[in-house]
Amino acid sequence: MNFMKNNVNEFGLVNSLTDIINNDEEDSTNVVIAKYILNHINSLKELNIFDMAEECFVTRASIRRFCQNIGFENFREMKNCSQQHYSFYKQSPYVENYDEYLVELINEMLADCTKCYNGEKYKLASLMKDAKSVIFLISDIYSSRCIEFQKMMIMNGKMVRVIRHGFSKNKLLNNLLEEDLLVVVSVSGGFALEIKDVIEDKICQKALITTINDKKILSIYNHIFRVSKKPILPYKSIFHTYAIEYYLDLVCNDYINQIRE
């Protein structure tokens, strides 16, 4: 089994765990373990496998198998996930008149994102239209937005797949062909950096939706699509949430217009 030193699968940990608690039987061992980890997601490094086994009424071997099934070599590797990634979900600082503040931010984002999109209008939609298969590669942050885009595209006749956890051993990712299109979403570049070693040797067309200017990362992509003219820092911002949804809505609309012509 091939695991990376800095395990890229940590960027899909929340997706892995929420998929389990949403879809598995409530009294299953997997749900019990997943709920325990989610309840301690902000203090992963403090987890102790002995205490966890006792509190979950499972064996240590069950915990180790669980961690391997979601992409980690062992329990220690899972609990050493970077806390910086999960701090994205923590409560934002208090802002007085947040509704007015949010409207102002959204308006600024819309202007910036629209300008970027119009510079490449129809290009991403055309790439998707021509590709045999379209696969989105995303971290926890963009999950709900990309899943909604996937549904819209499928309902309009284009099969789109979304890989959102277990990146290092995903069979779909490892069997991409030249006529396929892989789209990575990474606004601040953290996920793009971690996934670089996994995808740089893929023979498919590769596209990145981002704001970064790192040439080492950008060089492995055939197509770069920007949601902002300026780099966005790696903590929760309007571009990590609303901008991706807005950008993908524009892509979907352009795709529908193209297939109607």
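Which residues in helix 2 meet which residues in helix 4? In this predicted model, Thr29, Asn30, Ile33, Ala34 and Ile37 in helix 2 are in contact with Ser62, Ile63 and Phe66 in helix 4. By type, the residues of this contact divide into five nonpolar, three polar and no charged. Helix 2 (residues 29-39) and helix 4 (residues 60-69) pack at an angle of about 80°, and their axes are 11 Å apart. Because angles of 65 to 115 degrees count as roughly perpendicular, helix 2 is roughly perpendicular to helix 4.

In soluble globular proteins, nonpolar side chains tend to be buried together. Here the largest nonpolar core has 38 residues, and those with the most contacts inside it are Leu124, Met128, Phe136, Ile209 and Tyr247. Two or more residues are given to this core by each of helix 7 (98-119), helix 8 (123-130), strand 1 (134-137), helix 9 (143-155), strand 2 (160-163), strand 3 (181-185), strand 4 (205-210) and helix 12 (238-260), with the largest share, ten residues, coming from helix 12. Leu124 touches Leu181, Val183, Ile209, Phe225, Tyr247 and Val251, when residues up to four places away in sequence are not counted. Apart from this core lies another, of 24 residues, including Val31, Val58, Cys67 and Cys81.

**Helix 9**

Helix 9 has 13 residues and reaches 18 Å from its first C-alpha to its last, close to the 18 Å expected at 1.5 Å a residue. Its buried residues are Ser143, Arg145, Cys146, Ile147, Phe149, Gln150 and Met153, and what covers them includes helix 1 (13-23), helix 8, strand 1, strand 2, strand 3 and helix 12. Just after helix 9, Gly157 takes a positive phi of about 95°.

Most residues other than glycine have a negative phi. Phe57 has a positive phi although it is not a glycine, and Asn97 likewise has a positive phi without being a glycine. The table sets out their values and places.

| Residue | Phi | Loop | Relative accessibility |
|---|---|---|---|
| Phe57 | about 60° | between helix 3 (49-56) and helix 4 | 76% |
| Asn97 | about 55° | between helix 6 (83-86) and helix 7 | 45% |

At 76% relative accessibility, Phe57 counts as exposed, whereas Asn97, with a relative accessible area of 45%, is partly exposed.

Definitions and conventions:
Residues numbered from 1 in each chain as written. Predicted model: local features only at pLDDT ≥ 70, side-chain atom pairs only at ≥ 80, totals over all residues. Heavy atoms only, no water. Core = buried A, V, L, I, M, F, W, Y, C linked by side-chain atoms within 4.5 Å. Buried < 20%, exposed > 50% of the residue type's maximum accessible area, 1.4 Å probe, protein only. Helix = DSSP H or I, 4+ residues; strand = E, 2+ residues; numbered from the N terminus. Contact = heavy atoms within 4.5 Å. Expected span 1.5 Å × (residues − 1). Axes fitted to C-alpha atoms, helices over the stretch in contact; angles between N-to-C directions. Parallel < 35°, antiparallel > 145°, perpendicular 65-115°, else oblique. Nonpolar A, V, L, I, M, F, W, Y, C, P; charged D, E, K, R; others polar.
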